[in-house]
Amino acid sequence: MKLDTFLADRLVEGVCPTPGCNYDSARGDQCEKCGKLLNPTELRDPRCKVCRTTPRIRDTDHLFLELPLLKDRLEEYINKMSVAGCWSQNAIQATNAWLKEGLRPRCITRDLKWGVPVPHEKYKDKVFYVWFDAPIGYVSITSCYTPEWEKWWKNPEKVELFQFMGKDNVPFHTVMFPSTLLGTGEPWTLMKTISVTEYLNYETGKFSKSKGVGVFGNDVKDTDIPVEVWRYYLLTNRPEVSDTLFTWDDLQAKVNSELLNNLGNFVNRVLSFIAKPAGSGYDSCIPDTPDVESHPLTNALAGKVEKLVEQYIEAMEKVKLKLGLKTAMIISGEGNAYLQESQFWKLYKEDPSSCSLVMRTAAGLVYLLACLLEPFMPTFTIEVLKQLNLPLDKDSLSDEKGDLARKPWLFIPSGHKIGTPKPMFKEIDDNKIKNYRNKFAGSQADRLEKAEAKKTADQLKKMKVSAKSEPKPKAATEAAITISRLDIRVGLITKAQKHPDADSLYVEEIDVGEPQPRTVVSGLVKYIPLEEMQNRKVCVLCNLKPASMRGIKSHAMLLAANNIDGSKVELVEPPKSAVVGERVTFPGFESKPDDLLNPKKKIWETLQPDLRTDSGLVARYKDLPFTTSAGVCVVASIADGSIR
């Protein structure tokens, strides 16, 4: 159905006008591929994202932010703050790209119902553009918290403003919002430091909040993975310089090797030994440390730790969070090496004085790590301090002269009684990772669909009814239409020729892993030359009801993608090494196809609208790739095409 309304910028899609980009799914406000901010009218071949028709332009009055009038003041601010605030390189590049293009008036109102109404009689039926209005929310939420909000927002001499965001939001915070504040002529606290991340991708594609692809907060609570593990993994994988990838295997590896075997092992190894009863440990009391200067191993460790703490502080001051976290974890690794090299378990009997020094120093490192990791894993810090029976006192990391303490054996006083040690992290095994990957495959909509199907199936199993009075379980479950009901296989065209009675049709013989090839009729003559139809692997839908086409019965259907206007068609191709006859699968869905699709149930017709190609030319059902044992299925050049 064709919409009859003004469209929000993001509901207009088309080809990006930026030279060299040509991304054909750019939104009306921004191109995801090149990052350029756009107006909907700049798109080539625009279409409505909802009804797929071409929108038309209508005249309407709008309010604009006159950026050109603010150019000099804005450039002065950017040149000064980008240096003083150590802006990340991607923030500088995105900002300079805007300035290089030349500032233009920016429309700040929209003809929409949802949004903040414009407080002006002439524009009362309009709302503010979200990226004009949203940053003002930073100020208003502070004013909701305290009537003294100006102590933060109008105090540039004493307050520093740090902002964190993804790369697609940079110009709104380095150009538009500062311009809004500068234009008032009032002494606003302008952003000093901006930390910008690239994209975090998910397994085989992009995280997408709008599409529900990936693992989000509501999913995290459905796992038994502690929140600190999630914090650690996402921060150590933070895409500060380039796009990074979330994978379940990488999460498992980092938890087991870095958190469990490095950090957790060090903390538990130290505190457990100290907690042992006298005769085998220190009865939970921190030992004394005489004659520190004559212990070269401990002094060497202290020198390394001092330098690492300096590097940590420098990284955190420059908002290089990933580097700060990595540096703290290096200290943990140095602690493990120190324990191993000292062989404290032997020293306890052979050299008690040295053992006391080693264990007090190691306990000091445990406390140091609790302090350094507090910005990243606060509940980890709380638990470590509980086991140490100590409060968090970051000032204890500096001595009276203000220099960083290079004597970790002094962090905890001798005689201090620690709490009860216990392991901090648990191993994640292969079965859990496999279950998580399957559970969170596809989009949230897919997962809800599968959950409903499973719920229906479970209910049917519990039903105790006679076959005469109630329908069979199979009949009842037919209401759940999922992609698993399609029998899509890898096929090999062994022979293709023109239909004898139809100029637009081919007749193919296709091997789909059965004793005899299937005869298939397809309308591809005007799109694909006959020579290109020979001896090629294709994706074949095998459980449609056979249909007669101009006197020849077709026993399957080739899957192909077409572009938006239908002028171009390309076959969906499995990898060359895919096994002929194997089923094409979709992550998270167990392949249980119908023997034959019932035409009255409209199963194919229901699923087909969600079969498309993405910007990377991968064939997908919603956000799930067509998958074979050799990899995913693709098309040659049609992005965002419909598969049928």
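## Terms and basis

A residue is called buried at under 20% relative accessible area, exposed at over 50%, and partly exposed in between (1.4 Å probe, protein chains only). By that rule Glu 13 is buried, because its relative accessible area is 8%.

The structure is a predicted model, in which local features need pLDDT of at least 70 and side-chain atom pairs count only at pLDDT 80 or more, while totals for chains, interfaces and linings use all residues. Residues are numbered from 1 along each chain as its sequence is written, and side-chain values use heavy atoms, with hydrogens and water left out.

## The chain as a whole

The chain has 644 residues, and 46% of them are buried. Its C-alpha trace spans about 100 × 65 × 55 Å along the principal axes. The secondary structure amounts to 18 helices and 27 strands; these are DSSP runs numbered from the N terminus, with helices being H or I of at least four residues and strands being E of at least two.

A contact is a pair of residues with heavy atoms within 4.5 Å. Of the contacts between residues at least 6 apart in sequence, 68% join residues at least 24 apart.

The domain assignment gives domain 1 (1-59), domain 2 (64-197), domain 3 (261-417) and domain 4 (483-643). These bounds come from an automatic or database domain assignment. The C-alpha centres of domain 1 and domain 4 are 30 Å apart. Their contact involves 6 residues from domain 1 and 5 residues from domain 4.

The size of an interface is often given as the accessible area lost when the parts come together. Domain 1 and domain 4 bury about 410 Å² between them, with 47% of it on carbon and sulfur atoms; buried area here is the accessible area (1.4 Å probe) that two parts lose on being put together, summed over both.

Across this interface of domain 1 and domain 4 there is 1 salt bridge, a term for a side-chain nitrogen of Lys or Arg within 4 Å of a carboxyl oxygen of Asp or Glu. There are also 2 residue pairs in polar contact, both at pLDDT 80 or more. The side of domain 1 that touches domain 4 consists of 1 nonpolar, 1 polar and 4 charged residues. In this grouping Ala, Val, Leu, Ile, Met, Phe, Trp, Tyr, Cys and Pro are nonpolar, Asp, Glu, Lys and Arg are charged, and the others, Gly among them, are polar. A polar contact is a pair of N or O atoms within 3.5 Å; within protein, one must be able to donate a hydrogen and the other to accept it, and residues adjacent in sequence count only if both atoms are side-chain atoms.

## Salt bridges

Side chains of opposite charge can pair when their charged atoms come close. The whole structure contains 32 salt bridges. In one of them, Asp 9 pairs with Arg 110 at 2.6 Å, N to O. Asp 9 sits in the segment before strand S1 (12-15) and Arg 110 in strand S6 (residues 109-110), 101 residues apart. Both Asp 9 and Arg 110 are buried.

Glu 13 pairs with Lys 49, with the closest N and O atoms 3.8 Å apart. Lys 49 counts as partly exposed because its relative accessibility is 35%. Asp 640 forms a salt bridge with Arg 47, with the closest N and O atoms at 2.9 Å. Glu 13, Arg 47, Lys 49, Arg 612 and Asp 640 are linked in a network of salt bridges.

Arg 518 and Glu 514 form another salt bridge at 2.8 Å, N to O. Arg 518 is buried at 16% relative accessibility, whereas Glu 514 is partly exposed, with a relative accessible area of 27%.

Asn 256 lies in helix H9 (residues 248-275). Its relative accessibility is 12%, so Asn 256 counts as buried. A polar atom of the Asn 256 side chain lies 3.0 Å from the backbone nitrogen of Ile 428. Apart from neighbours within four places in sequence, Asn 256 is in contact with Asn 261, Lys 426, Glu 427 and Ile 428.

Arg 238 is in the loop between helix H8 (227-236) and strand S12 (244-246). Arg 238 is buried, with a relative accessible area of 9%. Leaving out neighbours within four places in sequence, the contacts of Arg 238 are Phe 164, Ser 195, Thr 197, Thr 244, Val 319, Leu 321 and Lys 322. Arg 238 and Lys 322 are 84 residues apart in sequence, and their C-alpha atoms are 6.3 Å apart in space.
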